[in-house]
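Reader: Please show me the sequence and the structure first. I will then ask about them one part at a time.

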Amino acid sequence: QFANVIKTKLATGDVPDFFAINAGESYIPYTNLETLEGPWVQKMLPPVKKQVSSIKDGAVKMAYFSPLGYLGMVYNKKVFEKAGVKLPLMNYTQLVDAMKAIQKTGVTPILLMGKEVWTASQIIHDGAVYAALEDPKTVENIRTNKVKPSDIPALVQASERFAALKPYLNKDFMSVPLSAGIDDVVNGKAAVTVLGDWYYGEIAKKYPDKVHDVSIMPFTLGDNYISGISSYDQRAFAVPTKAKHKEEAKALINFLMQPDNFKTLIAPFEGISPYEGYDVSKNQWQKEMETMMKENKIPLTAPFYAEAFGTVELGPVGVAYQDILADRPVKQALDDWYKEYVKLNKAKKTPGFE
């Protein structure tokens, strides 16, 4: 509701001096926002800066004030150790070999909590970033509707590799609810589930004696590229161009973005700082993920959909990947998804879809 209200206010000029909302042009049109400047701008991590900058001219339009959380495979360390699996898994071959080794120990390799449809697409979300980066034209072509997903060889390959993981999934994946599945990973009945580090607090409370037996790691469906994943669409400040006190508002944002004030602003949340050199509290999983990435020179990126689609509405992508798990041919499932998201983007008048 707030997003709709603030969009209306921005269009009519009846605006507050500043406000906070999810970061990204898919939430708020940046054409109605002031360009922000300050020492904090130069300290933003590249993917954060990309998220809060105008696609049109690269100007910074929002001030991000949320710690970053990791997405990837939440895994049981003892299960991996028993199967003799060494981390990190730097490519798809290593991922499949690890799942085979784990399956031989009698443990379900991948737990998919598929009752919520969106979870089916998380493996692509986190593991197919290479499909957006392999060809420099891919992103432009997707965002301008010059190609459909089934026209992109790397995405078709990633989707086929996703389908090939089906033998390693729990057989009841279509009926497991989000609230129940993580217990199997904690208790060693499953090796991994693909979601995020937000589970840490829940597990620390429910299983204080087991939380350190679990962590989170990056993975990839590609052969030569892996990245750590975080989303960059959490809370951010913005100043409308028609604000009556916009200079004062920008000065306040610069004050709040000072390192000590930023730390106070985001307390008590834990995560990775969106700014270089800022001291932010991290939980154990986040520390371990950060160490793994640094030691293996694994970059931090947005998920595949954010990297490839930008402000294009995704529509029922989860349905497409549930269909693939139900043995629908990959290209047919991708084409059905494309037809649906074209309708949404035409209604929204997304550039390239008019």
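Reader: In strand 6, which residue is the bridge partner of asparagine 76?
Author: Helices (H or I, at least four residues) and strands (E, at least two) are DSSP runs, numbered from the N terminus. Strand 6 covers residues 214–217 and pairs with strand 3 in the antiparallel sense over four bridges; two strands pair if DSSP finds at least two bridges between them. The bridge partner of asparagine 76 in strand 6 is valine 214.

Reader: What kind of model is this?
Author: Residues are numbered from 1 along each chain as its sequence is written, and side-chain values use heavy atoms, with hydrogens and water left out. Local features need pLDDT of at least 70, side-chain atom pairs count only at pLDDT 80 or more, and totals for chains, interfaces and linings use all residues, since this is a predicted model.

Reader: Which residue in strand 5 stands opposite tyrosine 75?
Author: Strand 3 and strand 5 (residues 190–196) are joined by five bridges and run antiparallel. Strand 3 also has two bridges to strand 7 (residues 228–230), again antiparallel, where leucine 71 stands opposite isoleucine 229. In strand 5, the residue opposite tyrosine 75 is valine 192.

Reader: How many of the seven residues of strand 3 are buried?
Author: A residue counts as buried under 20% relative accessible area, exposed over 50% and partly exposed in between (1.4 Å probe, protein chains only). Strand 3 is largely enclosed by the rest of the structure, because its buried residues number seven of the seven.

Reader: In what order do the three strands of the open sheet lie?
Author: The edge strands are strand 1 (19–22) and strand 2 (63–64), each pairing on one side only. Strand 1 is joined to strand 8 (residues 235–238) by four bridges, and phenylalanine 19 stands opposite alanine 238. The pairing in this open sheet is antiparallel, and the order is 1-8-2.

Reader: How is the lining of the largest pocket divided by class?
Author: On a 1 Å grid over the protein atoms alone, a cavity is a set of points where a 1.4 Å probe fits but cannot get out, and a pocket is an open set with protein on both sides within 12 Å along at least five of seven lines; lining residues have an atom within 4 Å of a point. The largest pocket is lined by 46 residues, with Gln51, Ser231, Tyr232, Asp233 and Ala306 nearest its centre. Ala, Val, Leu, Ile, Met, Phe, Trp, Tyr, Cys and Pro count as nonpolar, Asp, Glu, Lys and Arg as charged, and the others, Gly among them, as polar. The lining of the largest pocket has 22 nonpolar, 15 polar and nine charged residues.

Reader: What volume does the second largest pocket have?
Author: Grid points are joined across faces, edges and corners, and a volume is the space filled by probe spheres set on the points. For the largest pocket this gives about 1200 Å³. The second largest pocket is lined by 24 residues, and its volume is about 640 Å³.

Reader: Which strand supplies the largest share of the lining of the largest cavity?
Author: The structure holds two cavities of 30 Å³ or more, and the largest has about 50 Å³ of space. Its lining divides into seven nonpolar, two polar and no charged residues. Strand 4 (108–111) and strand 5 each supply at least two residues of that lining. The largest share, three residues, comes from strand 5.

Reader: Is asparagine 345 buried or exposed?
Author: Asparagine 345 lies in helix 16 (residues 330–348). Leaving aside neighbours within four places in sequence, asparagine 345 is in contact (heavy atoms within 4.5 Å) with Val312, Glu313, Thr350 and Phe353. With a relative accessible area of 0%, asparagine 345 is buried.

Reader: What is the radius of gyration of the protein chain?
Author: There are 16 helices and nine strands in the protein chain. The chain is as compact as a globular protein of its length, because its value is close to the 20 Å that the globule rule gives for 354 residues. The radius of gyration is taken over C-alpha atoms, and the rule is 2.2 Å times the number of residues to the power 0.38. For the protein chain, the radius of gyration is 21 Å.
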